[in-house]
Amino acid sequence: MIPFNFIYYRPDSLKEAVDIFAELQSGGKGAVYYAGGSETITMCRVGSIQPQAVIDIKNIPDCALLVKDIQMLHLGSVCTLTQIHNSGLFPLLGLSCGRIADHTNQCRITLGGNLSGTIIYRETSLPLLISDAEITLFGPEGERILPFKNVFNGRMQFKPGELIVQVGVPVWALSARHAHIKKTANEKIDYPLVSLAAIWKDGNIRIAFSGVCSYPFRSEQIEAVLNDRTKSCAERAENAAGLLPESAYSDGEGTGEYRLFVLKNTLEELLEDWDNALL
Ligand SMILES: Cc1cc2nc3c(=O)[nH]c(=O)nc-3n(C[C@H](O)[C@H](O)[C@H](O)COP(=O)(O)OP(=O)(O)OC[C@H]3O[C@@H](n4cnc5c(N)ncnc54)[C@H](O)[C@@H]3O)c2cc1C
């Protein structure tokens, strides 16, 4: 049960949504955008947030697109993980979606919610960081279309009152050679110790990680090391693990040391498969 009252809005357009948000803010009322609601409801139940209003964006057509044209795949922010996985349109993102939470929650959790939520893993960001994806945001100052990597720096960098409308993925990435690996401590369905997404472009690997540090990241330095095929797989994996942007993450699932161990083994296996042309 949610132990307080709040106002529920369900706008039909982006303008209506941001206008409601701005009006509530100027009236001193805290509001949150609401998509799948899985995180928002949990946080309201345990009392870590207490919004006076929620603005449900699922009725906004621009946020619900799932369509491919000759240049791009357009993925609306309220597409669920299940819709993305089942569409088969971007297999690498489909693999990431298929390993987040369980089937019931995958029917609810949205792309925009996963990218914007407080849970640190944000695993759907990994395929977007390596595929030259762009993102469309809408806020009180109107629309912004930007390279995804420019507004996702471990987490979304929103201007006040902005929301994610959709993500665009160029067609080259939809059919590129790719790999997705998620290692968890115990069960198949769990938060990651190490989660990685890789894509090959012009013969080189691009790679992004979650679980290893306290935020998801892509590192060009790590990619340069992994692409140096004059070195052995073990050497490249060892060197890459030494280039993390911060100390490896420690929590109840695994210590930083253990995560580093898992990372090195995972990278070595990935590189061996690449060298043996299994990927
Ligand atoms: C059982 C379970 C297991 C999970 N396991 C994983 C995991 O393994 N890996 C992983 O990466 N994540 C995992 N998650 C995290 C999950 O992806 C996030 O909690 C996500 O926020 C839920 O999406 P939602 O659509 O339900 O978000 P909501 O609860 O609707 O929203 C969450 C936050 O995002 C904001 N938001 C939502 N949509 C938008 C938008 N379009 N624009 C701007 N802000 C927006 C909301 O305002 C709110 O602050 C798990 C969650 C659950 C419940």
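Which element gives the most to the shell around the ligand? Helix α6 does, with four residues. The legends below describe close-up views of a predicted model.

**View 1. The shell around the ligand.**
The shell around the ligand holds 29 residues, and those that come nearest are Gly 36, Ala 101, Gly 112, Gly 113 and Gly 117. At least two residues each are supplied by β2 (31-34), α2 (38-46), α6 (111-116) and β8 (163-170). Of these elements, α6 gives the most, with four residues. Sorted by class, the shell consists of 13 nonpolar, 12 polar and four charged residues. Domain 1 (7-56) and domain 2 (61-174) each contribute at least three residues to the shell.

**View 2. The parallel sheet of β1, β3 and β2.**
This open sheet has three strands in the order β1-β3-β2, with parallel pairing. The edge positions belong to β1 (7-9) and β2; each has a single partner strand, so one side of each lacks a neighbour in the sheet. On average, neighbouring strands here are turned by 20° against each other, direction ignored. Strand β2 runs parallel to β3 (residues 53-56) and is joined to β3 by four bridges. In one of these strands, β3, Asp 56 is the bridge partner of Tyr 34. Helix α1 (residues 14-26) lies across β1, β2 and β3, and its direction is at about 170° to β3.

**View 3. The antiparallel sheet of β9 to β12.**
Four strands make up an open sheet in the order β9-β10-β11-β12, and the pairing is antiparallel. At the edges stand β9 (178-183) and β12 (217-218), each with a single partner strand, so one side of each has no neighbour in the sheet. Seven bridges link strand β10 (residues 194-201) to strand β11 (residues 204-210) in the antiparallel sense. Ile 199 has its bridge partner, Arg 206, in β11.

Helix α4 (residues 91-98) lies across β9 and β10 and runs at about 10° to β9. Helix α12 (residues 256-275) lies across β9, β10 and β11, running at about 25° to β10.

The domain assignment divides the protein chain into domain 1 (7-56), domain 2 (61-174) and domain 3 (178-275). A distance of 22 Å separates the C-alpha centres of domain 2 and domain 3.

Cys 107 sits in the loop between α5 (103-106) and α6. Is Cys 107 buried, exposed or partly exposed? Cys 107 counts as partly exposed because 13 other C-beta atoms lie within 10 Å, where a buried residue would need 20 or more and an exposed one 12 or fewer. Leaving aside residues up to four places away in sequence, Cys 107 touches Thr 80 and Thr 82. Ala 176 is 69 residues from Cys 107 in sequence, and the two lie 26 Å apart in space, C-alpha to C-alpha.

Key:
Residues are numbered from 1 along each chain as its sequence is written. This is a predicted model: local features need pLDDT of at least 70, side-chain atom pairs count only at pLDDT 80 or more; totals for chains, interfaces and linings use all residues. Two strands pair if DSSP finds at least two bridges between them. Two residues are in contact if their C-beta atoms, placed from the backbone, lie within 7 Å. Axes are lines fitted to C-alpha atoms, for helices over the stretch in contact, and angles run from 0 to 180 degrees between N-to-C directions. Domain bounds come from an automatic or database domain assignment. A residue is near a molecule or strand if its C-beta atom, placed from the backbone, lies within 6 Å of it. Ala, Val, Leu, Ile, Met, Phe, Trp, Tyr, Cys and Pro count as nonpolar, Asp, Glu, Lys and Arg as charged, and the others, Gly among them, as polar.
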